[in-house]
Number of protein chains: 2
Amino acid sequence: MPPDPADDREAGTVFLPKFDDRGLLTAIAVDAKNSEILMVAFMNEDALAATRASGAAHFWSRSRQSLWKKGETSGNILRVREILVDCDQDALILRCDPAGPACHTGARSCFYRRLEGEALVRVKT
Amino acid sequence: MPPDPADDREAGTVFLPKFDDRGLLTAIAVDAKNSEILMVAFMNEDALAATRASGAAHFWSRSRQSLWKKGETSGNILRVREILVDCDQDALILRCDPAGPACHTGARSCFYRRLEGEALVRVKT
């Protein structure tokens, strides 16, 4: 029997990124120095290519339907040091050096609130 | 002017999860004891409700188009200790106690390979 493509993706040594029916995969940016999760966004093939070519994280904005370089306006770019790939290759971890706060609100990480019952409590600046 | 709903979502203390046009948000499961990223998946409203009601992580399978309790077959459930919410409330971090390997391949984390050029190199067992 021919090899199962799923086996290739999971056990193989070849990068075969799997984009979903909208052409997207999930990218989690973490701080390379302490592994803190900074933000999560989506990448299409162009965003992944631009990230790899430039070394700076690029994403696909679903709301604006456009490619964006993280930090293009704010200057808070994410310099990508390492990329980890998950089992079925539809999600990436970008280990980054952030030039500043990763969140557009000014927080270091977008995940600055904890859910307590129905309330959100700020846990990070 | 009425308050901007985006401001409520970002700065407010009320949990207003934002599901996308497919009814999904992104959920990143991490190990509560060391913050290692274990897996990433999607949740619809039912998966989020089942997770919160049971304390065990539930997700929405896009490929099977069904609700699944992580570990229902393998026993490797993820007991959710804490939920962090991102700025626009369309992504969650689930801080979990994993009962066993989180990845269906048997790896502790789904992110067991690093991208090096076009090759994937195993970095975790």
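## Two chains and the contact between them

The end C-alpha atoms of residues 39-112 of chain A lie 10 Å apart, and this span is 14% helix and 39% strand. The UniProt record, an unreviewed entry, lists residues 39-112 of chain A under "domain: Phosphoribosyl-AMP cyclohydrolase". The model described here is a predicted one.

Beyond that span, strand β7 (residues 113-116) of chain A pairs with strand β8 (residues 119-122) of chain A in the antiparallel sense, over four bridges. Within this pairing, A:Leu115 has A:Leu120 in β8(A) as its bridge partner. The two strands β7(A) and β8(A) form a hairpin with two residues between them, and in the turn A:Gly117 has a positive phi of about 65°.

The contact as a whole draws 44 residues from chain B and 44 residues from chain A. The area buried between chain B and chain A is about 3,700 Å², and carbon and sulfur atoms give 57% of that area. On the side of chain B, the residues that lose the most area to chain A are B:Phe111, B:Arg113 and B:Leu115, which together account for 18% of what that side buries.

Charged and polar groups meet across this interface as well: ten salt bridges are found between chain B and chain A, and 32 residue pairs, both members at pLDDT 80 or more, are in polar contact between the two chains. Several elements of chain B, namely α1 (5-11), β1 (25-31), β2 (37-43), β5 (78-85), β6 (91-98), β7 (113-116) and β8 (119-122), each supply at least two residues of the side that touches chain A. Sorted by class, that side of chain B has 23 nonpolar, seven polar and 14 charged residues.

Over all chains, the count of salt bridges comes to 24.

| Residue in chain B | Residue in chain A | N to O distance |
|---|---|---|
| B:Arg52 | A:Glu118 | 3.2 Å |
| B:Arg22 | A:Asp20 | 3.7 Å |

The salt bridge of B:Arg22 and A:Asp20 crosses between chains from loop to loop, with B:Arg22 in the loop between α1 and β1 of chain B and A:Asp20 in the loop between α1 (5-11) and β1 (25-31) of chain A.

Note on methods
Residues are numbered from 1 along each chain as its sequence is written. Chains are lettered from A and ligands numbered from 1 in the order in which they are written. This is a predicted model: local features need pLDDT of at least 70, side-chain atom pairs count only at pLDDT 80 or more; totals for chains, interfaces and linings use all residues. Side-chain values use heavy atoms; hydrogens and water are left out. Contact means heavy atoms within 4.5 Å. Buried area is the accessible area (1.4 Å probe) that two parts lose on being put together, summed over both. A salt bridge is a side-chain nitrogen of Lys or Arg within 4 Å of a carboxyl oxygen of Asp or Glu. A polar contact is a pair of N or O atoms within 3.5 Å; within protein, one must be able to donate a hydrogen and the other to accept it, and residues adjacent in sequence count only if both atoms are side-chain atoms. Ala, Val, Leu, Ile, Met, Phe, Trp, Tyr, Cys and Pro count as nonpolar, Asp, Glu, Lys and Arg as charged, and the others, Gly among them, as polar. UniProt positions are given in the numbering used here, feature names are shortened, and annotations may be inferred rather than shown by experiment. Two strands pair if DSSP finds at least two bridges between them.
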